[in-house]
Structure formats: structure tokens, C-alpha cells
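Me: I have a structure open and have not looked at it before. Can we go through a few parts of it?

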Amino acid sequence: MDKALADFVEMLRYSDVPVSISESVDAAETVRLFGYKDRGLLKTALAQVMAKTIEEQESFDRCFDEFFSYQINPDLAPDETLDEEGEETGENPDSSPEITPANDDDNSPNPASGGGEGGGGFSGEQSESGSAAPLLDMLERNDRTELTMAMTAAASNANLRNIVLMTQRGLFTRRIMEGMGLDDVNREISRRNKEGDAEGADQLSGRLELLFDAVRDMVERQLALTSSGKAKQFRQDILKNVRLSNVEHRDFKYMRQLVQRMAKRLTDMNSRVKKVKNRGHLDIRKTMRRNVAYDGILFETHWKQKHKDRPKVLAVCDVSGSVASVARFLLLFLYSLNEVLPKVRSFAFSGDLGEITSDFDRLGPEEAIPYAIEKYGGRSTDYGRALEDFKELCLDEIDNRTTVIFLGDGRSNGADPRIDILKEIKLRAKRVIWLNPERKSVWGSGDSEMLRIAPYCSTAETCNSLNKLELILRDLLKSN
Amino acid sequence: MTFIDKDPATAIDLIKDGFEKAGYICDRHIATSIYLSQKLDKPILVEGPPGVGKTELAKAASEILAAPLIRLQCYEGLDESKALYEWKYGKQLLYTQILKEKLGDLLEDAVGLEQSMEKLHQFGDSFYSEKFLEARPLLQALQSEEKTVLLIDEIDKSDHEFEAYLLEILSDYQISVPEIGTIKAKTKPLVFLTSNNSREMSDALKRRCLHLYIPFPDASLERRIIQTRVPELEENLRNQLVSFVQQLRTQDLKKLPAVSETIDWARTLMLLHADTLEVDLVRNTLNMLLKFEEDIDNMHSEVPKFIAAAQSERM
């Protein structure tokens, strides 16, 4: 695979297009088939090989345009200056004997010309890069391909890919130019000036300026590409760890995506368990196989119907004033769960408890969540009453496949939390999970009933960031 | 269809022309994926809203490649015995019966139990052999001597497990039958998988396929499609009709009208001998385009506006 493509693949991976190894092999094959000439065609073809969803396709299109605009067709210097000074190419004072493996065959320098002073000029700072392409020579000949190759090589030596911050632009531009042999060109310009060849000096510095622009462009693009990808990743990581109450409204959308992805993964993990039922359609194949030994008389039967053990979830969310700051997110989690899991019944309470499943089904999250808060929130919490209501509504429905999730702080304003009902629920349900936005150290302080509640839950955990939430749920499902 | 050895651009144009002759108007994207799938031996996962011609694509491909189409319609609960293979139980049972009857003759000269067993083991065991294998669509496609087009329709309706069965076929064009071993494709079929995205396909499956997304066509493409499919329709009306549908698609509807609905509507208008769009006519036939009562109600008042816009738009 050529280096340009490898870089492109890496760039895609940063931009949320997860290109697997087999896909990049296909991409290399595609490039071999199509070549870089017809860019539109190549884009279409590569997109089908590498981008596998519509969102990925969008990222891909953006990356492709950005990336290949300089990789393949560099706008280095205007064409008209091409042949003007062909005769001067004879003298090329610098050419270093060492070439990096990265800029392999295309720009091998003329080994014959005297390379004495060339190597020393820029070896001070960039000694590790070793990319001492005969820049002057390339500029004189105005060889776009070689210049681009040298530029890419110098960029990779300068680790341009690691650029993250805006403030690094100047540094990287400088490093790349120096890596390409800027010092020698500058020396040549001043030599020409001294010798009175003002025209030659101007032309060279003009071309150098164009090269500078091209490098600057490249750095800009790289910054735009990597930093956007990295910044997004960074942001998601932060979001997962930030306390739920601190997340601002503008992050709500991201949050929702995260929750959705998480909830989906949880269901995928959990809905695999299956049992074969002993009724329904006969699985003739299996039955036959079992009964060959009995002379084809079918007395060991196998049945086709399998039972998918989809988890049944009852979720109860506290939306009272004490948890107001996190209620939105607890509800959001509930909402996403409702979207992904087929059998979720959601309830909200502060004083009275009510079912909000149908509201969730009917409304989008932007409406449903404020609606639920408005409808059930605002009153002071009474866990006792809520549990009584809950018992009345759906205790009969709780069986050994049901998971009951409580989201709340367990502060009952002094009212009896009716631990006995919780105990009853615990006895019937497969598991009872209590997620509390408060830290464990304050459990039991003031009107918090958490210390009484916790023994009757399979799990009672602090849950104040998405990361925590994810960890808790994953552990739970693993131990399933 | 001999485009394989041509250079990509020519080959893709050839494919496009071929599709057009088969009555399927496609853009470069689609032609490119057909070319790529032939070159890279990869299946194509076709996604897009319902009614944009995903299944038609496979049918047209089978036509231009002159390869028979084998179609597998996916649904929840589809399993390997319906998609891959099944044993011919009846014949297997008969076989054991025959074996029992013949056993005496066969073991005639054997002395003692041990010798009989040895003799028995010498016969080929054909109870589980290809003779008793009933090929279902996927196996048929692999067993076919000539090239086939395999259409796995609405893969998103199938279960996760079925998706896993498919992986072996999609990457290596082979399937494993536990009792026999691996059956490899005699000729690699051209495989299309279509999905309406009612559920996300697994990464493993997506990785093995080329991904082709067919969106709603733009106005000029749609006009050409209508021209090909309903050639009797007058040009003026065709332009108005396409413009009208395109406007509908910008609205917030439960289900946007797809190409197939545009074609149906064009046929309807032709049957009614319409020569221009009229408010009443459109309102009465709106149910050809919109499939939800709510959508029809919402669009009822918009109809005159759209018609005016469609008629003022001179192509």
C-alpha cells in the first residue's frame, strides 16, 4: 500500500470511519485498479470500500476532499515559470547523501554534485529527521511531484500527524520547511543577492514563498483533520466522566448519542440468552440426527422454537426537587433504554408515581423529558407512597426475569420508605438495581434512607457520570 | 457483458449503458459498485429508503450479466434449513430401510460379528452425503456451474444468528456442512444484500461487503427513470409530476414517496388520461404517493402550491 493511502486510512480512523485492515487492503486494490487520475471515480469507489454507513460516508467525503486536494495535485507554483531558468539547474550546491526511507524512489538526489556544505546546514535541529532532499534543485526545476513527495516526507518526519493545537501551526510549518532544506535555499538566495543576480534571487524566493504557502496549507489541513477527530474523541471522553448535573444543555445531544449507544450495547449483550422450548415446530433435522440410532423411529424429539430471553425492565425514576439537576439525565437514560429495549416500563414519581412509558413512546426525548418532569416532578419525595403505587401498578408483573431499576437519591423527607415493599419486590424480581446520584459517603445522612434501602437491592451504586453508569450496568450483565 | 478487462472508466460507462438497456437508470455510484464487486469479488450491501430500486438493481444486474437470479427473502426466524440446506429425510429413511434389507446379502459370506462389522465399514457411508442434501438458495448459488446473481433481500429483517451464518459465504464463498465438510463455490456468484436499515448490521458483515447507498434520485434522474418506465407519458406532464414529487420529498412526512410510488402515480395519471396536473386530480390520487392518512391530510392544503410551482418550472 502506498504511503498516501496509509495516511488517508489513518486520517479516516481519526474521523470516525473505522477502517479495518481488510478494508484497507481492498482500498489498496481499488487504488491499483483506478489509479489517482480520475479523482471523482476514485472517491466513489473508495467510499464504497471504506465507508459503511451514511454517517461514515459523510466523514469520508470530507476527509477525501481535504486529504487528496494536496496529496495528489499540489498547487505549488504557477506553471508559467516552469522553463524559464532551465539553464541554471547545473549548479546545485546541496544534496545530501542520506535519504529517509519514507521518500523512497522518487526523489533520489544527484549523488554527483558536491554535497559538502549541504548536510551541515540544517543538521543542527533536524538531525533526527535526516530528510535532506535537494530542495533547491527541486525548486529550480519546479518539479511538483518531487516537491510534494519531499513535503509529505518532511511532514511525516516532523510528526505532523500529532498536531492538535492551533498554536502549533507555525512550529510545524517551520520544522517541515527546515526538514526539506530551507537553510540551503536561503543561503542560495543571499548568495545570488550578493553576486548581483537579483532576478534569480527573486525568482527563487518567489518559489520558496509558494512552497511555504503549500506547506502552511498542508499543516492547516492536517490540523483540521486530526484535531477535529481527536477533539471529538476528547470531548466524548470528558462527557462520559463529567458529573451528570454539570453537563450543559448544548452537550445534551452528544449525551443522548452516548446513552443510546450504551443502551444498545447492553441489549445486544443481554438478549442472546436462549432456551429451546419443547413445543411448537418439530426440528426435523435435529430429531432425525438423534434418532438414526433408533432405526428412524422418532422418539427423541427436538423443537424448533427457541425462546429469546429478552430482559424485562421496570424502571422507576425520581424526578423530585432533590435530584432535579440529574433528573433530566436519569430520564434521558430511561428514554434511551425505552427506545432500545422492547419491554421497558418506565415510571416517574416525586409524590405520586405514574407510568410514563406511553408518553415516551409517543413523544421525542426533547418533549417527553420535560413533560415527565412537569407531570410528576415538583412535589416533595415520598418513597413510601411511590413504592405503594408501584406495588399496586405492577407488582404482579414482576417475575424472575424482571430487572427493576430505581434511579433516585433515596431521600424520603422523613416519610416511611416502605422497605417492606422493596423487600417484596426483591424477592420476586431477578434483580433490583438502585442507582443513586449521591456519593456513598453521604448515604444515610439527613433524610437519606439509602442505608436501609441498600440491603434490599442486588446492587446499590453511586451513579453520577455516564461512565459509572456504563460500568455498573456492564458488570451486572456480565455476572448474569 | 464484457467489461471486466476494460479500464475502470470505460467499464463503468459500459455497465451504465447495460443497465439502461435493461430499463434500470443508474448513476455512476451504482455502476462503480458493480464494477468493484466484480473486480474485488465482494458482495454489495445496498442500503436506502424503501422503493428506490434496491431489489430492482439485483434483477437488472442478473439481466445484463445474463446470470440467473437466486433470491432469498429474509424474515425473522429464517434459519439455515431454509436458507442453506436441508437433508432429504424421507429418502434418508428409505435408504436405511433398503440398507437393512440388503444387509443380509451383503454380509452373506462374513463369518462372525467382527468380520461383519469390518465389512460394513467398507461400504461408503452415504447417509449423510451430498446425494441427500436438499440445496436451499444460498447453497444453490454456490453449486451452480454458471455465474449467478444471489439476492439476499431485506437482510435487516433476519436475526443476528442468520447474519453470522452468512459471514462464511460472504467472505470465502463457501459453506460448512458439519456432516460433509466445506462446500466451495464452483463459480463465485455476484451477491447483493439489501437493507432498509431497520436494524444496524454487524460490523463483521459490513466489513465483508461494499457499501452502496441509494438515495432518492434527483429531478433529472427521476425524469429519466419515469421516461424509461412509463414511456407513454407525455413530457410536459412528466416534468410536472417529477417536480411535484420532488417538492413532496422536502416536506416533513411519515413516509416520503419513493421512485416506485412516482412510477405508480405516473401510470395512474396515464390511465386517467390526464395531460396536466390539476388540483382535484392530484388530491384524488394522492393516495398513490402517500401511504399514511395523516400525511395525506397534511398535504391536502399544500397541493395547489406545489402544482403551481411544478407548472411554473419550465424545463
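Me: Which residues of strand 9 of chain B are buried, and on which sides?
Reply: This is a predicted model, where local features need pLDDT of at least 70, side-chain atom pairs count only at pLDDT 80 or more, and totals for chains, interfaces and linings use all residues. Residues are numbered from 1 along each chain as its sequence is written, with chains lettered from A and ligands numbered from 1 in the order in which they are written. In strand 9 (residues 210-213) of chain B, B:Leu210 and B:Leu212 are buried on one side, B:His211 and B:Tyr213 on the other. Buried means 20 or more other C-beta atoms within 10 Å of the residue's own, with C-beta atoms placed from the backbone. Strands are DSSP runs of E, at least two residues, and helices are runs of H or I, at least four, numbered from the N terminus.

Me: How many bridges join strand 1 of chain B to strand 9?
Reply: 4, and the two strands run parallel. Pairing takes at least two DSSP bridges. B:Tyr213 has B:Glu47 opposite.

Me: Switching to helix 18 of chain A: which residues are buried there?
Reply: A:Ile421, A:Leu422 and A:Ile425.

Me: What covers them?
Reply: Helix 17, strand 6, strand 7 and helix 19 of chain A are among the covering elements. Contact means C-beta atoms, placed from the backbone, within 7 Å.

Me: And how many residues does each chain give to the contact between A and B?
Reply: Chain B gives 22 and chain A gives 22. On the chain B side, helix 2 supplies the largest share, 7 residues.

Terms used: A residue is buried if 20 or more other C-beta atoms lie within 10 Å of its own, exposed if 12 or fewer, and partly exposed in between; C-beta atoms are placed from the backbone. Two residues are in contact if their C-beta atoms, placed from the backbone, lie within 7 Å.
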